[in-house]
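Subject: Structure handover

Hello,

The structure we talked about is below. Please open it first, then read the notes that follow it.

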Amino acid sequence: MKIKWFLIIAPALLSLALLQSYFWVPTYETQTKGNPDRVWKFIEASIGDAKILNPILNADTASGRIVGLVFDSLLDYDEELNRRGRLATDWTITEEAYLIINPDAQFPDGIQVTANAMKARISDAIENGSLPKLKELVTEITLLPKRKRTEEIAIPGADGKPISVEVKVQVPERLQFSLKRVDQNFFKLLEPIIGANYEKNVPIEKWVEVSPQEHQKNLRPQFAEFLPVFEHHPIILFHLRKGVHFHDGHEFDAGDVKFTYEALMNSKNLSPRTSNFEPIKTVEIVDSHTVRVVYKRLFSPAIDAWSIGILPEHLLNEQALQREMDKRGLSKQAKAEFGMRDSQFNRHPIGVGPFRFVKWQGDELIHLIRNDDYWEGAPEYKEFYYRIIPDAITQEVEFRTGAIDTYSPQPHQAVRYKKDDTYQPFSVLGFGYVYIGYNNRRPLFVDKRVRQALGMAINADEIIEYILYGEGEKITGPYPKSTQWYNHKVKQIPYDPKKAQRILAKLGWKKNAQGWLEKEGKIFEFNLITNNGNLQRKAIMTIAQNSWRKIGIKCNTQLFEWAVFLKDFVNSGQFDAVVLGWSMGMDPDLYQIWHSSQAGPQQLNFVGYNSPEVDQLIVQIRQEYDIATQRNLTHQLHSIIAEDQPYTFLYAPRSNLVLDKKIVTMEKDGSYSKIKKTKSGSVFFHFNRWRKLEYTPKF
Amino acid sequence: MWAYIIRNFLQRCVLLFIVSVMAHSIVHLAPGEPSEVDPSNPRMQPEDIKKIREAFHLNDPLYLQYYYWMRDLFTGELKSFKDSQPVLPKIWERFLNSLPLFICATLIVWTLAFPTGIHAAVRRGSAYDRGSTFIAYALISIPGFFLSYIMILWVVDTFGVPVIGMRTFGMENAHPFFQTMDRIWHLVIPSIMSALTGIAILSRYVRSQMLEVISQDYVRTARAKGLDEDTVIYHHALRNALLPFVTLFGYLLPSLIGGSVIFEYIFAWPGLGRLGYEAILSRDFPIILTINFIAAALTLAGTFLSDILYAVVDPRIRLE
């Protein structure tokens, strides 16, 4: 009998023991039951785990999020997308310009140029006010004597192997101008004195000597780069915040800034951000809290590169890495290859940011606690958890039970939250956009009217409504809509298939018996391709195909694996049209995507867009340091590209975010307010002032 | 007996070696590259890929790679491709996470399957028997992940409590009692879900075993002696019907590892199954191979154990 009862009681007891635990688990409403500290913790869910927690090495979103909390940068953007100082309290941008004294040139009045005469004439012009613009710009003029300089460079040899060549440069006398601000037109201002053709007959052959001699001829076109007649060197002087400490107590100073720059440029570290720092010539430590950065050339976006987190020198320099190697007892071979990438620092980062790193359990969580010594005041939240939940449905389930405070829902999930006032949903316009790019080299697409007509046939509203569930916005040009560079005055290309047909008819495209447009015996036919694996692009491809069919254009579509798509089609320029997207930065530089020099293989202007006017504007924008002027230029650039329609600009997707409704922003006076996204679309901008209440607030 | 054990043990060692060679070849010959050296990653430079390939020994012949793997495995120096962390501690850590889930699910299977199976056998042909058969087959045929999703949605919708993961986050400073209860609750749903198929299958076995035993002569003899039905069923019949299940204990061993990949994935349980699954996705060869090796070793040990157990409980069987 005992056995019978055992068989009945054992499962009953087991079930009871397990199921009773339900009564002790907090629901969303009773989160603080048995756990009052819950409100001091912020739990964020992520689909993917971080890869490497080092600001100069990371390249993925998850790592970027954590790095942003643990490290601080010299500067970043405020709510209005203006630059603001973080670890740098302020900075000044000045310029040093160099002018080579060309002994073969003559002043406009026919007198031969000499160094002293040049200096005297320019100084006089400034003194007597005949060049008023110069007077407020130039602070000092110095005459630099002749000097010699030798450079080792590598050039590609006949058999493909690089050859090392020595270049001797006899630098002639130069004038050095110290300018109050950067001015790309500085040398134009000097034209009344030096003449318009000053740089034409520079005896550059006399000054540059290549050994071995046989390469002299090959390198001749590059001589101007070794010794430019006009040189601009923008200079940023950063004043650093004093009394800021790393999480281990070590004080932050100028050495850390210089070290971060050197680590970025160290080829052993394989940093994905090296190219942003390439325009820098030198980083000098002026004193313990002042850094002077000299640039090689005019390149205004370069300042934004300093929004990178600053590394602690004392934990990652040669000696520190050596100590770590010895401690870990690595083999000889491992030691030889050991670099910053191999350091345990990347799994246990130490920065100066608002949160300190505690632990990282792979595929499960990253735990941070607040930095009570944070220079801007400690954050409200005591702890930060980054939870890795690889599945969108599971994320939603966890969010609804209150086990996570925020996550990024998919578009179809976001629709549910909009109808539900239990949560705070946000919809943020991102920095990316999706487009159909036409190969501008193909005869079919050469005429911009054809490209405009193709754009008119596609209904972007429909795409946004049915593919994105409304989570997108139409765009007219190449800049992110939330930046000041976007020109809101540019009109949208209308959805008007009839007009498209009329335009094409004017260009000689007539419908044939099968209903296809035909011109000179050829029907209007091309291939539209995109990469496999992106369902939205695939759907857009089908919609475009169908829209064009309606006006008589035959479009064949095909999907390719990403690698094949890039290698065989995009990089080699062997395509008619592609559906793709860009993710843009904050800066207004469009050189890589739209400049005609960037249309070669492997380059980003793969549609082969070529407009001299645009080229000139792009170069002007990247050399301009004044933001208002830059804005005018970008608006012009935007309207030209919108008119030319090298792409059909489809939409900028919105990204979504939901927050627990109990989370509010604390004000300085102790009251709280509803969380609002900033103008730039950042929800987390005031994250350090967020707090979770024990009850749901009413606004 | 001892001769049998030693001979059998040596045989199994040889078998394990063959299995490991085959697994190694299959994993390496299967299409796909470790994600670290994926040539379609636009961020990677060819030189970097070459360097990494060399560091992973991916350019060496297969037998050398096998040698390196075995050498590193037994010296404890084997490292994951993905994050360069030592493999064995990583597996051990994940194993400890999977263990409670396994124990709980096994307890549920074994405690629930017997009463249901026995009851069905005793009332053969009744509505209960037919009903439980139907439910058992339904549970066997409906995919576990589908049922799990339904279950999760239902529980969350009705009770509004978290069910995903090993515990609720943000409870670190709560009273230990609440923390323990929270952990138990998080065990409940995933272990029930992963136990369902087990209950269905095992209760079918129990039923058919019982039916077979009940029709034996000695049961009729027991009944003829005038013993009451409960004594006949639970004392005489059940004991004999239990014999084959003893061997099943041995087979539990391999399911310790990779027992519930699907459930660990759905419930975001940081266990061994998920480690293996993610290693396969990113072609993390050291992890895949080591888990596979341990699983093979446990399978061989399990069958060995059940052979011996059977001999121990059934005196009619002699191992030679």
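**Domains of chain A**

In chain A, the C-alpha centres of domain 1 and domain 4 lie 36 Å apart. This is a predicted model, so please keep that in mind throughout. Chain A is divided into four parts: domain 1 (40-72 + 331-423 + 659-678), domain 2 (76-86 + 238-320), domain 3 (93-234) and domain 4 (432-655). Where domain 1 of chain A meets domain 4 of chain A, five residues of domain 1 are in contact with four residues of domain 4. On the domain 1 side, the residues that touch domain 4 of chain A are three nonpolar, two polar and no charged.

**Strands of chain A**

Strands of a sheet pair through backbone hydrogen bonds, either parallel or antiparallel. Strand E6 (residues 147-156) of chain A pairs with strand E7 (residues 162-171) of chain A in the antiparallel sense, over 10 bridges. One pair to look for is Pro156(A), whose bridge partner in E7(A) is Pro162(A). E7(A) also pairs with strand E9 (residues 208-211) of chain A, in the antiparallel sense and over four bridges. There, Val167(A) has Val210(A) of E9(A) as its bridge partner.

Further along chain A, three strands form an open sheet in the order E20-E21-E22, with antiparallel pairing. Strand E20 (510-511) and strand E22 (522-523) of chain A are at the edges with a single partner strand each, so one side of each has no neighbour in the sheet. Strand E21 (residues 517-519) of chain A is joined to E22(A) by two bridges, and these strands run antiparallel. Lys519(A) has Lys522(A) as its bridge partner in E22(A).

**Helices of chain B**

Two packed helices are described by the angle between their axes and the distance between the axes. Chain B gives two examples to work through.

Take helix H1 (residues 2-29) of chain B and helix H12 (residues 285-313) of chain B: they pack at an angle of about 155°, with their axes 10 Å apart. How do H1(B) and H12(B) stand to each other, roughly parallel or roughly antiparallel? H1(B) and H12(B) are roughly antiparallel, because the angle is over 145 degrees. The crossing of H1(B) with H12(B) is right-handed. Residues of H1(B) in the contact include Leu15(B), Leu16(B) and Val19(B), and those of H12(B) include Phe293(B), Ala296(B) and Leu300(B). By class, this contact of H1(B) with H12(B) has 13 nonpolar, four polar and one charged residues.

The axes of helix H5 (residues 127-141) of chain B and H7(B) come within 8 Å and cross at roughly 135°. That angle makes H5(B) oblique to H7(B). The crossing of H5(B) and H7(B) is left-handed. H5(B) contributes Ala136(B), Leu139(B) and Ile140(B), while the residues from H7(B) include Leu196(B), Ala200(B) and Arg204(B). The contact of H5(B) with H7(B) consists of six nonpolar, two polar and one charged residues.

**Where the chains meet**

How many residues does each chain give to the contact? Chain A gives 43 residues and chain B gives 40 residues. On the chain B side, helix H4 (87-122), helix H6 (144-159), helix H7 (176-214) and helix H9 (229-255) each supply at least two of the residues that touch chain A. This side of chain B has 27 nonpolar, seven polar and six charged residues.

Regards

Definitions and conventions:
Residues numbered from 1 in each chain as written. Chains lettered and ligands numbered in written order. Predicted model: local features only at pLDDT ≥ 70, side-chain atom pairs only at ≥ 80, totals over all residues. Contact = placed C-beta atoms within 7 Å. Nonpolar A, V, L, I, M, F, W, Y, C, P; charged D, E, K, R; others polar. Pairing = 2+ DSSP bridges. Axes fitted to C-alpha atoms, helices over the stretch in contact; angles between N-to-C directions. Parallel < 35°, antiparallel > 145°, perpendicular 65-115°, else oblique. Left-handed = near helix turned anticlockwise from the far one by under 90°. Domains from an automatic or database assignment.
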